[in-house]
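Trainee: I would like to learn how to read a protein model. Could you take me through one, feature by feature?

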Amino acid sequence: MEQTLKITNVLSDPTRYYIYQYITRRHQEVTVQEIADNFNIHPNVARLHLTKLEDVNMLVSETKKTGKGGRPSRLYRLSNDVIQLHFPYRDYQLLSKITMETMASLGEAGQKALYETGKRFGLELIEQELSKNMQSVDNLSFDQKLNIIQNASSLAGLSPDFQPNEDKTKVYFQIFNCPFKEVAVEHMENICQMHAQFLKGMFEALFKEIELVEEDNLIAGCEACSYNANIIG
């Protein structure tokens, strides 16, 4: 409870909250000067905000040489700690672990059900976006479809980045945040396959058929999960 109060107190400052949001979208380390420039505040004020976030383990920092000469810079990045605020207390991570252990105990049938459910949830997420905006798939351009997937991915907390090729037959994309990371560490294959099916479901709600190829995996130590989505139909 004490840590929860500390976190809510730190995030009660609007500038500090938006700085944290900025860093979560940045996908890389930031300097005091970068924060100062982006938020039009004095570097000393930026340093104070970053220190406050570090004090409650929302950020971590280290001093590195930038290769440009001069003094080393202190670089800040997101902490690996999970920040959860629930009133009253809830433990959804424990529920996830129990669910995964149950699925694993069912063997191949449990795996199949997990992957099918993941894909269905991906489809439903996009269908909800279409319904909310009263849009029909038949009337959407490629760019509009990709924008819907990107918006839905952002709302799902994936911190995505999408890059289509010129002829719009392939989309390279990266997922910088795994919402299932803590559970995936113990159940990597099942969680990652389920997540891939979730993503495939999102694409196939708008494009009739795709081939999804994983290139990098965040849980395996890469900077992000990255995929190539080949648009077949």
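Mentor: We will go through the sheet, the cores, some loop residues and the cysteines in turn. This is a predicted model, in which local features need pLDDT of at least 70 and side-chain atom pairs count only at pLDDT 80 or more, while totals for chains, interfaces and linings use all residues. Residues are numbered from 1 along each chain as its sequence is written, and side-chain values use heavy atoms, with hydrogens and water left out.

Trainee: In what order do the three strands of the open sheet stand?

Mentor: Helices (H or I, at least four residues) and strands (E, at least two) are DSSP runs, numbered from the N terminus. Two strands pair if DSSP finds at least two bridges between them. Here the order is 1-3-2, with antiparallel pairing. Strand 1 (30–31) and strand 2 (59–64) are at the edges; each has a single partner strand, so one side of each lacks a neighbour in the sheet.

Trainee: How many bridges join strand 1 to strand 3?

Mentor: Two bridges join strand 1 to strand 3, which covers residues 73–78. Threonine 31 is placed opposite leucine 75 of strand 3.

Trainee: Which helix packs on the sheet?

Mentor: Contact means heavy atoms within 4.5 Å. Helix 4 (residues 43–55) touches strand 2 and strand 3. Axes are lines fitted to C-alpha atoms, for helices over the stretch in contact, and angles run from 0 to 180 degrees between N-to-C directions. The direction of helix 4 makes about 120° with that of strand 2.

Trainee: Which residues touch the most other members of the largest nonpolar core?

Mentor: Buried means under 20% relative accessible area, exposed over 50%, and partly exposed in between (1.4 Å probe, protein chains only). A nonpolar core is a set of buried Ala, Val, Leu, Ile, Met, Phe, Trp, Tyr and Cys residues joined through side-chain atoms within 4.5 Å. The largest one has 38 residues, and Ile126, Phe173 and Phe203 touch the most other members. Its largest share, eight residues, comes from helix 9.

Mentor: Most residues other than glycine have a negative phi. Asparagine 57 has a positive phi, near 65°. This residue lies in the loop between helix 4 and strand 2 and is partly exposed, at 38% relative accessibility. Methionine 134 also has a positive phi, near 50°. Methionine 134 is in the loop between helix 6 and helix 7 and counts as exposed at 79%.

Trainee: Is lysine 132 buried or exposed?

Mentor: Lysine 132 is exposed, with 54% relative accessibility, and belongs to helix 6.

Trainee: How many disulfides does the count give?

Mentor: A disulfide is a pair of cysteine sulfur atoms within 2.5 Å. By this rule the count is zero. For cysteine 192, the nearest cysteine sulfur is that of cysteine 225, 6.0 Å away. Cysteine 192 is buried, at 14% relative accessible area.
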